[in-house]
Amino acid sequence: MPILETRSLNKWFGGLHVTGGVDFALETGEMHCLIGPNGAGKSTFFRLILGEHLPTSGQILYNSHDITLAKSYERIRRGISVKFQVPGIFKALSVGQNIQIALQHHVAPAELDHEIDLLLSFLNLKPAARQLAGNLSHGQKQWLEIGMAVGLKPKLLLLDEPTAGMTPDETFATGEMLQALNREGVTVLAVEHDMAFVRQIAHRVTVLHLGKIFAQGTIDEIVANEQVAAIYLGEAHAQ
Amino acid sequence: MALLSRITSILTLLEGPQTLGRGRRFWSGFALVVAAASAYPLFADGYDVGNNVYFFNWTFMALGLCLIWGYGGSLSFGQTAFFGIAGYAYGVLTINLGDAYGLTLFALVAAVLISAVCAAILGYFLFFGRISGVFLGIVTLSVTLVMERFISQTAGPEWHIGTARLNGFNGMGAMPSLTIPWPGGPIVLFPDVALYYVTLVLLILVYLGLRMLVNSRFGNVIVAIRENPQRAEMLGYDVRKYQLGTFIIGSSLAGLSGVLYTSWGNYITPASMGMTAASLPIVWVAVGGRSDLTTTLFGSFLVLIGFQALTIYGSQYALVVMGALLVLTVLVAPSGIVASAVLLVSKRWMRKKPQSGEVS
């Protein structure tokens, strides 16, 4: 059963048709990557799922519930969580507080401190717990943001370029962490440019092009698809 | 036991990452300041003591603005609107009801509640309409100016509520002072020593209460919203409700200031909602350091006392100095002059101890 489904999802910005009738189904428990050249409509698609934009027409279903018009925070409370490309952390708060804000509405007060500790150790951020989040290194900020997204105990985790700015080692470690989460039952949908990373984690890949689904399949099928290579991989390999 | 541990867990909120000052050193200082403030009437003339309650009256409005602006990140330029609403409400209620049976205390509560309801209505349209940033300031300023204009033209005898005449730009007067019913005869809180202590206790309670509020889960979320509203929403918080809650609490504190001021002087005028009045709280809070309750409180006191002294010796120049002070703050110490001084001193202090990088 799909955890997330969009039915002929359309979004117009004035005269610009950014999302063009997308029918997309994300199976529960799958790790799915969304790729496509710049301007393909990946970010808009994410924002539609998150409720930051409302679609011009079409439907979004989450666990068979219609969430097309639900507020963003309602979608999050249903079990969707997101990690943005630019770390969206609270810079003037301490690292521990950042995590606390992610945990406090679903963890009992008595267990809160313990849970914060656990998550900080998992992220290797325990020594920095009392530092201001704004003083962390770029990599640490990424981990903190991942920690906040994961701290919500989501059923569906959305990641917008999770490995942007990471070293190959960090990218690989991120992939392993996501696979560990996936084994615990978290469904993952990631926008990603790094093909090595996509190969590492994705069960299935969807290629968006000009706001429409252009191709879908395993990474090998996508790589073998000449039309995809023409619009996307060709450019990527040429870089 | 459960109750006891609950009380301790609430009291631990007095200290936290959202407030400057923790540990024995800070609370000893706090006790000293409270002791000095309590001892002051013993060494001063009752008339002066009563006059100086004036400074306390305004600090509630400053603390309210600190919560809305410093912690919540929404600049309300309209604190004086709620000050005026509550002040006039207190006047109308007490003139009609009289001062027997503790009715003035009822009027105090009712007037603050009226300002809270008005803040809820205005705040609903602002925050649920996703108005933020400079537009929030413009709308709230407009509201207070409209209120001032409206009350200013109510000089005619047809403008009355019950027996209370609004009196337009002349201002409304002759309302009774706050009166506490007492077995040996009611205690009337004229500007004197008794009023001083009541207001001081109220100020301490509000200050400590706000410290607990900003260090609570609610406080964490409002600061998170100030830092990054999108991320806060994407962690499952209804940002608008938190902003509205903050706005109502902060505006009610302005209302409390309005009631205390009106009762203190038995007088309120529309000018208390005008342009000058509306901009002064911003100066107090900005100069002190808007992102902390303690620096706001100290800053407000210093600026109020300085302003008073300047008004006596330099009349209209006082306002020019206030403006210059605000500009200076923005240019030299954007986080507030008192706050910057505290940070400077504590950094020196930290350098002596071998620990760095921690949140002080």
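This is a predicted model: local features need pLDDT of at least 70, side-chain atom pairs count only at pLDDT 80 or more; totals for chains, interfaces and linings use all residues.
Me: What makes chain B as compact as a globular protein of its length?

Reply: The radius of gyration, taken over C-alpha atoms, is set against the globule rule, which is 2.2 Å times the number of residues to the power 0.38. For the 360 residues of chain B the rule gives 21 Å and the radius of gyration is 21 Å, so chain B is as compact as a globular protein of that length. Its C-alpha atoms fill a box of roughly 70 × 55 × 50 Å along the principal axes, and the chain has 14 helices and 6 strands, where helices (H or I, at least four residues) and strands (E, at least two) are DSSP runs numbered from the N terminus.

Me: Why is N167(B) called buried?

Reply: A residue is buried if 20 or more other C-beta atoms, placed from the backbone, lie within 10 Å of its own, exposed if 12 or fewer, and partly exposed in between. N167(B) has 21 other C-beta atoms within 10 Å, and is therefore buried. N167(B) is placed in the loop between β2 (164-165) and β3 (172-173) of chain B, and has a positive phi of about 70° although it is not a glycine.

Me: Is A174(B) buried or exposed, and how do you know that?

Reply: With 12 other C-beta atoms within 10 Å, A174(B) is exposed. A174(B) belongs to the loop between β3 and β4 (179-180) of chain B, and, without being a glycine, has a positive phi of about 65°.

Me: What makes P176(B) buried?

Reply: P176(B), which lies in the loop between β3 and β4 of chain B, has 20 other C-beta atoms within 10 Å and is therefore buried. P176(B) touches T94(B), G98(B), D99(B) and T104(B), leaving aside residues up to four places away in sequence, where contact requires C-beta atoms, placed from the backbone, within 7 Å. The C-alpha atoms of P176(B) and I95(B) are separated by 7.0 Å, although the two residues are 81 apart along the chain.

Me: How do you know that the span of α10(B) agrees with that of a helix?

Reply: The expected span is 1.5 Å times one less than the number of residues. The 27 residues of α10 (residues 239-265) of chain B should therefore span 39 Å, and the end C-alpha atoms are 39 Å apart, which agrees. Just after α10(B), N266(B) takes a positive phi of about 50°.

Me: How many residues of domain 1 of chain B are in contact with domain 2 of chain B?

Reply: In domain 1 of chain B, 26 residues are in contact with 18 residues of domain 2 of chain B. The largest share of that side of domain 1, 11 residues, comes from α3(B).

Me: What makes α1 of chain A largely enclosed?

Reply: In helix α1 (residues 42-50) of chain A, 7 of the 9 residues are buried, so α1(A) is largely enclosed by the rest of the structure. Among the buried residues are F45(A), F46(A) and L48(A). Just after α1(A), G51(A) takes a positive phi of about 85°.

Technical notes:
Residues are numbered from 1 along each chain as its sequence is written. Chains are lettered from A and ligands numbered from 1 in the order in which they are written. Two residues are in contact if their C-beta atoms, placed from the backbone, lie within 7 Å.
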